[in-house]
Amino acid sequence: MSDTVVMAKRLVKRFGAFEAVRGIDFTIALGECFGLLGPNGAGKSSTIRMICCLTDVSQGTLTVLGWPAHPGQRAVKRQLGVVAQDDNLDPSLTVRENTEIHGRFYGLDSCEARRRSDELLAFMQLEGRANEQVRALSGGMRRRLVIARALMGNPRLLILDEPTTGLDPQARLLVWGKINELKRQGVTILLTTHYMDEAERLCDQLVVVDHGEILERGSPGDLIHRVVGDDCLEVPGVDERQARAMAQFLDDYPVWTDRQADSLLVYGGQMDEVIDQLHWKNLLPRTYYRRRASLEDVFLKLTGRELRD
Ligand SMILES: Nc1ncnc2c1ncn2[C@@H]1O[C@H](COP(=O)(O)OP(=O)(O)OP(=O)(O)O)[C@@H](O)[C@H]1O
Ligand SMILES: [Mg+2]
């Protein structure tokens, strides 16, 4: 089998005259966790729905597991596990029934569906809930159940559209551990998330999209290094005049500055020297934080700090 699981070339999705996805190119390699990141309305779910063969490609090419993606493409659908953004569990069925019925879609016989359901409910730590109605589950348990259900068909490509939105830290940690376990088993994963720490931990490669276009791509470490620089100095409680004085002084250094509320952020390398010099010039207030730059910094630099609708 080819090493390319998904290949998109000049991929477009239109809704009427509106272009939600505007000619994007990317490939997802076998066995990797690929992140699709972007603000609300960036076009992530629209892209995912085309990959899942749930909606037509408007223009361009999209192949999934070697097949052209389109709504009639059953060969692809059978090999996917999908955690959609809105979980579409059947609330009137039990936890076990939700997984078993899904297994039947994938051609499992009732015996095999039961065996697989038991195994996956245990994998997602839901075995004690198997006979409960879905409506009795907490949000975190529902999300875990959707992931268990997505694994029923032993997918070659697992698609996770915001799998941990709304989960508490314990449940997120559990899901991260399971995603890593699936990665080790060789499952290829496509992940969208608004949690940049999650993307930084899990993704091997990622793209940042906005308004239907790809702004940047690379591994998390590579993007942090290339887009913002490795270090960040965060100085809270700085008024405009102080911020301007610091930024002007730093003009000669290989750093760049940004504003976030009343904080000044300085990104780049040689941060020890920058801090020494700011101290020396009496430009640094008593309170400041020095930290590693993160994927969140990359995301905000690329997509801006303005609120999206
Ligand atoms: N069925 C549809 N009909 C019309 N417009 C749509 C439809 N689905 C999505 N859109 C629009 O396409 C754009 C991209 O939506 P999409 O759901 O792909 O974004 P997203 O990146 O998944 O956002 P979020 O982070 O909020 O989930 C948005 O402007 C949305 O309103
Ligand atoms: Mg979405």
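Hi everyone. Some ground rules before we look. Because the model is predicted, local features need pLDDT of at least 70 and side-chain atom pairs count only at pLDDT 80 or more, while totals for chains, interfaces and linings use all residues. Residues are numbered from 1 along each chain as its sequence is written, and chains are lettered from A and ligands numbered from 1 in the order in which they are written.

Let's start with the domains. The assignment, which is an automatic or database one, gives us domain 1 (4-217) and domain 2 (230-292). Taken over C-alpha atoms, their centres are 41 Å apart.

Now the ligand. Helices here are DSSP runs of H or I, at least four residues, and strands are runs of E, at least two, numbered from the N terminus.

On to the core. The largest nonpolar core has 78 residues, and I51, I159, I189, L190 and V266 have the most contacts inside it. Helix α5 (residues 139-150) supplies the largest share of this core, five residues. Where does the core lie? Both domain 1 (4-217) and domain 2 (230-292) give residues to this core, so it lies between them. A core like this is a set of buried Ala, Val, Leu, Ile, Met, Phe, Trp, Tyr and Cys residues joined through C-beta atoms within 7 Å. Buried means 20 or more other C-beta atoms within 10 Å of a residue's own, exposed means 12 or fewer, and partly exposed is in between, with C-beta atoms placed from the backbone.

G229 is in the loop between α8 (220-228) and β11 (231-235). Is G229 buried or partly exposed? It has 19 C-beta neighbours inside 10 Å, so G229 counts as partly exposed. Leaving out residues up to four places away in sequence, G229 touches Y267, G268, G269 and A293, where a contact means backbone-placed C-beta atoms within 7 Å.

Now for some strands. There's an open antiparallel sheet of four, ordered β2-β1-β4-β5. β2 (18-29) and β5 (67-68) sit at the edges with a single partner strand each, so each has one side without a neighbour in the sheet. Pairing needs at least two bridges found by DSSP. β4 (residues 59-64) and β5 have two bridges, and T63 is opposite P68 there.

Then there's β3, where five of five residues are buried. C33, G35 and L37 cover one face, F34 and L36 the other. β3 runs parallel to β8 (residues 188-192) over three bridges, with C33 partnered by I189. Four bridges join β3 to β9, also parallel, and F34 faces Q205 there.

Last stop, helix α11 (residues 295-303), whose buried residues are L295, D297, V298, F299 and K301. Among the elements they pack against are β3 (33-37) and β9 (205-210). Just after α11, G304 takes a positive phi of about 85°. Thanks, everyone.

How values were computed: Two residues are in contact if their C-beta atoms, placed from the backbone, lie within 7 Å.
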